[in-house]
Amino acid sequence: MLSPTDTELVTNIQNGQMGAESALYEKYSAKVYYLALRESKSHHDAEDVRAETFLRVIQAVRGNQVRSAEALPAFILGVTRNVLRELYARRKQAGDDISTEAVHLLTASHEHIFLDREVQLAIEKTIQRLKSRERTILHMCFYEELSTEEIARQMSIAPERVRLVKSRALKRFRELHDRMKMRKVF
Amino acid sequence: MMHSEIEKAETIERYVRNQLAPAERQAFEEHFLVCDECFGKLQAAEHFAAGMHDAVKHGLLPGRSQTQGTNPGWFGWAFAATACIALIMAGLVGWAYFARMPQLRGELRQAVTQLKTEKQSQTRTEQSVPLVQAEANVPLVMLQASRAGEQAARVVLKPNDMQLVLWIEPGPSRYRDFRMDVFSGDHLVTSVDHLELSQYGALAAGLPTKQLPSGDFRITLTGQNPPPAALAGEYQLQIRRP
């Protein structure tokens, strides 16, 4: 079944249609949670930010405060950012002096929030299939954080080759990870 | 925001690494909020990047220095293999030149000397041993085709007869070349190939008598050349030894 368009969602919520708010939540909840988790680096905070964001968005839609249905994604994004800012402000007031930038500097890799056993296993299997040169390219890319052009220059290969190595490894990882997640679900 | 643009600018990867400019970042976030495909790719890229970091920490993904230290890559291996082969070849050439060649030369000299000695002794033997004398009074038997009902040709071989000559006149024939088979019963005793007609229109074949004990023999003559081969005649021979 196709998910309702933003125009339908806004209209349905404003008309008080049952299930319209759930549909809005279903459509954007994972993405808002991801944004919140990425910024806050905490699953607990991300949950709070998501809940607060949807509360405000639904109230705004009900009160016809959204400029247009087309602007709904940008509106949700703006609300999420506001809620996050308020979270940092509260933290600061509570004596926790870590700013958004500082959080980024301290935990630049997001490793602790996006790593689990399935990811580790899928990465291990992906690396096993790589040639030595391909491993070096991925190390340069994801650990040394060099740009594609810089890696190509240092390895004396074409940038397309670097892109190909990365996309192949990522594709392989995604297949393995999805399979493992499916197995976990069933 | 177009997908081709996202792909080309490696926007997802740069977003994961926090390398996007604020405006670009805002635009991409607005895009993936409505694009499930890009959101899926973004999630995978986040997990992949986190996994790669973790792999480096656990030594699963070695860096350049480690890689170069332990694994020289295909060029390194090729260079090492070539150097090894060159060293082995040089060793072999040196060994052949300094050790094997003098040894081979010595062996060759020895062989030549031995050959000369053998040749000389052979010459002496040939000179000292008298030639086998040509056999005088070789028994000869003329065979006539048995289909005419003639009696078998008879010959008595003396103990010192070494050869028996069979004389056959096959008559007019298209063949230039014949084969003779001598049978004792069904057993082939001996054969003589490439018999040619003499100026008298006859074939003469010498058989060693040691192959011919007392008994009755059937002899077939087969025309061979020009082909096809065909039976030209059959003969009966009776041999007696005193």
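**Figure 1. Hairpin of strand 7 and strand 8 in chain B of the predicted model.** In this predicted model, strand 7 and strand 8 of chain B form a hairpin with 4 residues between them. Strands (E, at least two residues) and helices (H or I, at least four residues) are DSSP runs, numbered from the N terminus. Strand 7 covers residues 215-225 and runs antiparallel to strand 8, to which 9 bridges join it. Two strands are said to pair if DSSP finds at least two bridges between them. Within this arrangement, B:G215 has B:I239 of strand 8 as its bridge partner. Residues are numbered from 1 along each chain as its sequence is written, while chains are lettered from A and ligands numbered from 1 in the order in which they are written. The model being predicted, local features need pLDDT of at least 70 and side-chain atom pairs count only at pLDDT 80 or more, whereas totals for chains, interfaces and linings use all residues.

**Figure 2. Five-stranded sheet of chain B.** The open sheet comprises 5 strands in the order 2-8-7-4-5, with mixed pairing. Its edge strands are strand 2 and strand 5 (187-196), each of which pairs on one side only. From one strand to the next, the twist averages 25°; the axes are lines fitted to C-alpha atoms (for helices over the stretch in contact), and angles run from 0 to 180 degrees between N-to-C directions. Strand 2 (residues 153-156) pairs with strand 8 (residues 230-240) in the parallel sense over 4 bridges. Along this pairing, B:V155 stands opposite B:I239, and B:V156 has B:R240 as its bridge partner. In a regular strand, side chains alternate between the two faces of the sheet.

**Figure 3. Three-stranded sheet of chain B.** A further open sheet, of 3 strands, has the order 1-3-6 and mixed pairing. Strand 1 (140-143) and strand 6 (203-208) are the edge strands, each pairing on one side only. Direction ignored, neighbouring strands of this sheet are turned by 25° against each other on average. Strand 1 runs parallel to strand 3 (residues 163-168), and 4 bridges join the two. In strand 3, B:V165 stands opposite B:L140.

**Figure 4. Helix 4 of chain A and its surroundings.** Chain A contains 10 helices and 0 strands. Helix 4 (residues 72-93) has 22 residues and reaches 31 Å from its first C-alpha to its last, close to the 32 Å expected at 1.5 Å a residue; the expected span is 1.5 Å times one less than the number of residues. The buried residues of this helix are A:L72, A:P73, A:F75, A:I76, A:L77, A:T80, A:V83, A:L84 and A:L87. A residue is buried if 20 or more other C-beta atoms lie within 10 Å of its own, exposed if 12 or fewer, and partly exposed in between, with C-beta atoms placed from the backbone. What covers these buried residues includes helix 1 (6-14), helix 2 (20-40) and helix 3 (43-62) of chain A, together with helix 3 (22-34) of chain B. Of the 186 residues of chain A, 31% count as buried.

**Figure 5. Surroundings of A:L9.** A:L9 lies in helix 1 of chain A. This residue counts as buried because 21 other C-beta atoms lie within 10 Å. Leaving aside neighbours within four places in sequence, A:L9 is in contact with A:P4, A:A20, A:A23 and A:L24; contact requires that the C-beta atoms of two residues, placed from the backbone, lie within 7 Å. The C-alpha atoms of A:L9 and A:E21, 12 residues apart along the chain, are separated by 7.7 Å.

**Figure 6. Contact between chain A and chain B.** The contact takes 34 residues from chain A and 30 residues from chain B. On the chain B side, the elements that give two or more residues are helix 3, helix 4 (36-57) and helix 5 (64-70). Helix 4 of chain B supplies the largest share of that side, 14 residues. The residues of the chain B side divide into 15 nonpolar, 8 polar and 7 charged. Here Ala, Val, Leu, Ile, Met, Phe, Trp, Tyr, Cys and Pro count as nonpolar, Asp, Glu, Lys and Arg as charged, and the others, Gly among them, as polar. The predictor gives the complex an ipTM of 0.85 and a pTM of 0.55.

**Figure 7. Confidence along chain B.** Chain B averages a pLDDT of 82, and 86% of the residues score at least 70; pLDDT is the predictor's confidence in each residue, from 0 to 100. Confidence in chain B is highest in strand 4 (residues 177-184), at 92, and lowest in helix 5, at a mean of 53.
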